[in-house]
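Visitor: I am new to this structure and would be grateful for a guided introduction. May we proceed by question and answer?

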Amino acid sequence: MPKLHLAQFVAPNGQLSIEAIDEIAAELTARLRASPHWLVLVTEQNPIDLDRVVNILTAMGQSDAPTVGELPRISKTKIRVDAKQLARKGKVTRYSRTPDALPLHTDCSNKAIPPNLVAFAMERPDPQGGGESVILSAADLVHELPEDLVSLLRQPVFPFTSEKQYPILQGEGDDWRIRYYRNQINSALGEHCTLSDNLREALDALERYLERSKQSVRFALQAGEVLIMDNQRVLHGRSAMPADSPRLMHRFRLSVPTLSTHRARATAIG
Ligand SMILES: O=C(O)CCC(=O)C(=O)O
Ligand SMILES: [Fe+2]
């Protein structure tokens with residue numbers, strides 16, 4: 001599992017200076033720009049210091065204009081089994097509050113531009129080992145797919161809302177982006193969107209490849225660990241947990257401009 005240890009940036013007195021936060025942010029961004037486009041930040045804190053996590057993510061979002069940039073907007077949500085939220089039918093987002101497994105997906109797949117950074121800070125793992133994280137990068141997935149399926153999935157025809165269609169895959173070589181959430185597409189298809197039989201079959205085939213992927217990575221996040229990913233380049237999911245699981249994680253989403261700039265530019269800058 002790709003990891004970065006916070007301890008290597010912390011001063012002997014336990015402080016994390018503003019300079020150190022900028023250094024961690026730069027290191028995380030550089031790591032996310034490269035394959036496999038996700039990693040785990042190990043804080044060794046229990047309980048985890050969420051303000052510190054927010055400061056690091058904020059610095060990542062600001063990195064292209066450290067002095068004049070506006071503070072990036074970070075969305076923060078607690079992820080835990082929540083019976084009240086569950087009662088609210090019809091919302092695709094309610095799935096994360098169930099104890100159920102979540103199939104591999106992109107967060108905010110229905111947005112014109114899904115946030116490119118999604119992070120999950122684990123406060124309390126499931127004591128029975130449920131709710132493991134699953135990750136699959138678009139580049140690894142494409143290696144497993146037949147070419148004709150890739151060409152179908154590149155077509156900008158898949159409905160993610162009743163008005164908007166997008167491609168599922170975009171890219172070439174080893175530089176691939178992905179947008180996918182079967183539940184979101186199913187919900188759009190329920191709102192009178194149409195999709196030809198061969199494209200529906202393409203989605204079913206993709207589902208089978210995702211379920212059987214040998215490239216997906218599954219692991220249990222420990223308390224104090226933060227899973228950080230490029231939401232446009234990897235899919236994530238989780239395994240099921242008991243209905244009364246006390247698992248508690250914090251989800252953060254934001255857009256980090258320096259993650260999305262073209263690779264060639266990064267190489268040029270060095
Ligand atoms: O519970 C998890 O590990 C992931 C939840 C998730 O994918 C989400 O809330 O977007
Ligand atoms: Fe998600």
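Visitor: Over which residues does pLDDT stay under 50?

Guide: This is a predicted model, in which local features need pLDDT of at least 70, side-chain atom pairs count only at pLDDT 80 or more, and totals for chains, interfaces and linings use all residues. Residues are numbered from 1 along each chain as its sequence is written, chains are lettered from A and ligands numbered from 1 in the order in which they are written, and side-chain values use heavy atoms, with hydrogens and water left out. The pLDDT is the predictor's confidence in each residue, from 0 to 100, and where it is low, the predicted coordinates should not be read in detail. For the stretch in question the model has one contact (heavy atoms within 4.5 Å) beyond four places in sequence, and pLDDT stays under 50 over residues 264-270.

Visitor: What pLDDT does the chain average?

Guide: Of the residues, 92% score at least 70. The average for the chain is a pLDDT of 92.

Visitor: Is E70 buried or exposed?

Guide: E70 lies in the loop between α2 (50-62) and β3 (75-79). Buried means under 20% relative accessible area, exposed over 50%, and partly exposed in between (1.4 Å probe, protein chains only). With a relative accessible area of 73%, E70 is exposed.

Visitor: What is the relative accessible area of V150?

Guide: V150 belongs to helix α5 (residues 147-153). Leaving aside neighbours within four places in sequence, V150 is in contact with V142, L145, L169 and W176. V150 is buried, and its relative accessible area is 9%.

Visitor: Against which elements do the buried residues of α6 pack?

Guide: Helix α6 covers residues 182-190, and its buried residues include I185, A188 and L189. The buried residues of α6 pack against β7 (158-159) and α7 (197-212).

Note on methods:
Helix = DSSP H or I, 4+ residues; strand = E, 2+ residues; numbered from the N terminus.
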